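Visitor: I have the sequence and the coordinates open. Walk me through them, and tell me what each label rests on.

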2 protein chains.
Amino acid sequence: MKVKEIMDKEFIYVSQDQSIEEVSIIMENRKKFTTPVVDDQMRLVGWITSLNVTRGLREGKQKISEVMHSTDNIVHVHENNPARMAVLETSHHKLVSIPVLDNEGVVVGVVRSFDIVETLSELYDIKVYKIFKAMEHELKGISWEELMEASAIVTRRRTGEMVTAEEYEHRIKDSTFGEAIWVTGGLEKFFVGLIAIGQLVLAKKIARARK
Amino acid sequence: MKVKEIMDKEFIYVSQDQSIEEVSIIMENRKKFTTPVVDDQMRLVGWITSLNVTRGLREGKQKISEVMHSTDNIVHVHENNPARMAVLETSHHKLVSIPVLDNEGVVVGVVRSFDIVETLSELYDIKVYKIFKAMEHELKGISWEELMEASAIVTRRRTGEMVTAEEYEHRIKDSTFGEAIWVTGGLEKFFVGLIAIGQLVLAKKIARARK
């Protein structure tokens with residue numbers, strides 16, 4: 001996934017000659033805490049946050065150029081960078097948004113931290129049930145009932161909890177991947193549990209074929 | 001994981017009688033786009049964003065109470081809610097931060113979208129190599145070389161890419177789980193690939209045992 005797939009293309013932008021008052025109204029109306037400052041070719045020349053605007057208003061400054069961050073100090077990403085880079089820059093610098101540039105330095109989008117939250121949480125909000133359905137499909141010749149039975153056996157062995165196949169099925173219908181990795185104690189443990197289940201059902205399948 | 005484990009406890013707060021000018025200086029100095037408004041018991045009575053502040057300054061308003069959002073309109077979470085709830089509220093309402101309350105309505109923290117980005121991305125930043133090491137440990141009697149060979153075979157079958165076992169090993173040493181699910185096209189596909197690899201090495205193990 002690239003930066004351009006997660007960026008907001010409906011961003012606002014302003015010029016350095018605009019008045020701070022005018023820009024403050026645009027930002028309030030569009031509910032944006034930040035905006036790129038561009039030249040007439042849409043190239044990035046500055047960056048404004050609403051905190052620069054409050055300072056400008058309070059100190060009686062007039063133009064955006066008087067309060068903007070200059071390009072040297074702006075954290076930005078390229079549209080073809082991996083999306084992960086936008087994630088790292090945002091969390092590392094604790095930013096609410098960063099501008100996205102193309103090869104000519106033209107602003108083509110803005111990545112916002114809540115858009116990243118949305119993308120990451122979607123990845124993470126997959127039902128465990130769907131992972132098991134994919135597993136059933138991949139492990140040809142194994143029934144859903146066998147898969148649930150094996151899952152209950154592995155869970156009993158690992159946790160000591162006396163869960164039945166039916167209870168296991170019910171549980172994975174409600175839970176998400178995000179919850180599951182917290183419950184099992186981490187991503188590796190979650191995967192190892194799944195591998196153990198896969199191993200058990202495959203052993204059964206082979207034993208059945210030999211009969 | 002609960003909300004209280006991901007919230008910022010070093011948050012700023014203001015009272016509704018403070019002047020907008022004074023609050024604007026606090027927010028600029030502490031680089032906060034939002035702040036809870038509290039009473040003398042630290043109970044939430046309002047919420048201010050820097051955009052409310054710019055409007056207040058522009059329109060010559062004096063007190064925070066004149067520009068703040070009232071409690072009815074504030075999205076908040078409880079400190080004991082699952083962290084997932086803060087994630088969903090932030091992305092659903094496109095907020096940069098939300099206040100965290102305890103049972104008495106006292107503000108005990110603030111969850112910020114870039115903190116969520118950090119938590120989520122750490123979760124995904126586990127090396128794929130570690131998942132394969134866990135898999136090797138779980139699939140007793142299978143060597144690391146067999147596992148890499150099977151992985152290269154499954155990758156060639158699925159993507160047509162002529163990758164060797166050595167190249168595959170090199171690749172997983174560098175890549176994280178987060179990258180892998182983006183490259184493979186999602187969590188289910190990533191996991192199905194692992195199951196296919198597990199299936200292949202187990203088939204080899206059984207074939208070897210029969211010789």
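Visitor: What makes β5(B) and strand β6 (residues 107–112) of chain B a pair, and in which sense do they pair?

Guide: Two strands pair if DSSP finds at least two bridges between them. β5(B) and β6(B) have five bridges, in the antiparallel sense. So they count as a pair under the rule of at least two bridges. B:Pro99 stands opposite B:Val110 in β6(B). Before going on: this is a predicted model, where local features need pLDDT of at least 70, side-chain atom pairs count only at pLDDT 80 or more, and totals for chains, interfaces and linings use all residues. Residues are numbered from 1 along each chain as its sequence is written, while chains are lettered from A and ligands numbered from 1 in the order in which they are written.

Visitor: What lies between β5(B) and β6(B)?

Guide: Five residues, and the two strands form a hairpin. B:Gly105 sits in the turn with a positive phi of about 80°. Helices (H or I, at least four residues) and strands (E, at least two) are DSSP runs, numbered from the N terminus.

Visitor: How do you know that strand β4 (residues 77–78) of chain B pairs with β5(B)?

Guide: Two bridges join them, in the parallel sense. That meets the cut-off of at least two. B:Val77 stands opposite B:Val100 in β5(B).

Visitor: Why is β5 (residues 97–101) of chain B called largely enclosed?

Guide: A residue is buried if 20 or more other C-beta atoms lie within 10 Å of its own, exposed if 12 or fewer, and partly exposed in between; C-beta atoms are placed from the backbone. Five of the five residues of β5(B) are buried, so the rest of the structure largely encloses this strand. β5(A) is mostly covered too, with five of its five residues buried.

Visitor: Which strands form the sheet in chain A, and in what order?

Guide: The order is β4-β5-β6 (chain A), in an open sheet with mixed pairing. β4 (77–78) and β6 (107–112) of chain A stand at the edges with a single partner strand each, so one side of each lacks a neighbour in the sheet.

Visitor: Why does A:Val107 count as buried?

Guide: A:Val107 has 22 C-beta neighbours inside 10 Å, so the residue counts as buried. Its place is in strand β6 of chain A.

Visitor: Which residues is A:Val107 in contact with, leaving aside its neighbours within four places in sequence?

Guide: Two residues are in contact if their C-beta atoms, placed from the backbone, lie within 7 Å. For A:Val107 the partners include A:Tyr13, A:Pro36, A:Met42 and A:Pro99. The C-alpha atoms of A:Val107 and A:Phe11 are separated by 9.6 Å, and these residues are 96 apart along the chain.

Visitor: What puts the buried residues of helix α2 (residues 20–30) of chain B on the same side?

Guide: The buried residues are B:Ile20, B:Val23, B:Ser24 and B:Met27. They cover an arc of only 105° around the axis, which puts them on the same side of α2(B). The arc is that of the directions from the helix axis to the C-beta atoms. On the other side, B:Glu22, B:Asn29 and B:Arg30 are exposed.

Visitor: What do the buried residues of α2(B) pack against?

Guide: They pack against α3 of chain A, together with β1 (34–38), β2 (44–49) and α3 (50–58) of chain B. Just after α2(B), B:Lys31 takes a positive phi of about 55°.

Visitor: How many residues of chain A are in contact with chain B?

Guide: 53 residues of chain A touch 52 residues of chain B. α10(A) gives the largest share of the chain A side, 11 residues.

Visitor: How do you know that the two copies are related as by a two-fold rotation axis?

Guide: A rotation of 180° with 0.5 Å of shift along its axis superposes chain A on chain B, with RMSD 1.1 Å. The copies are thus related as by a two-fold rotation axis. The superposition is by least squares on the C-alpha atoms of residues with pLDDT of at least 70 in both. The same surface serves both copies: 94% of the contact residues of chain A recur in chain B.
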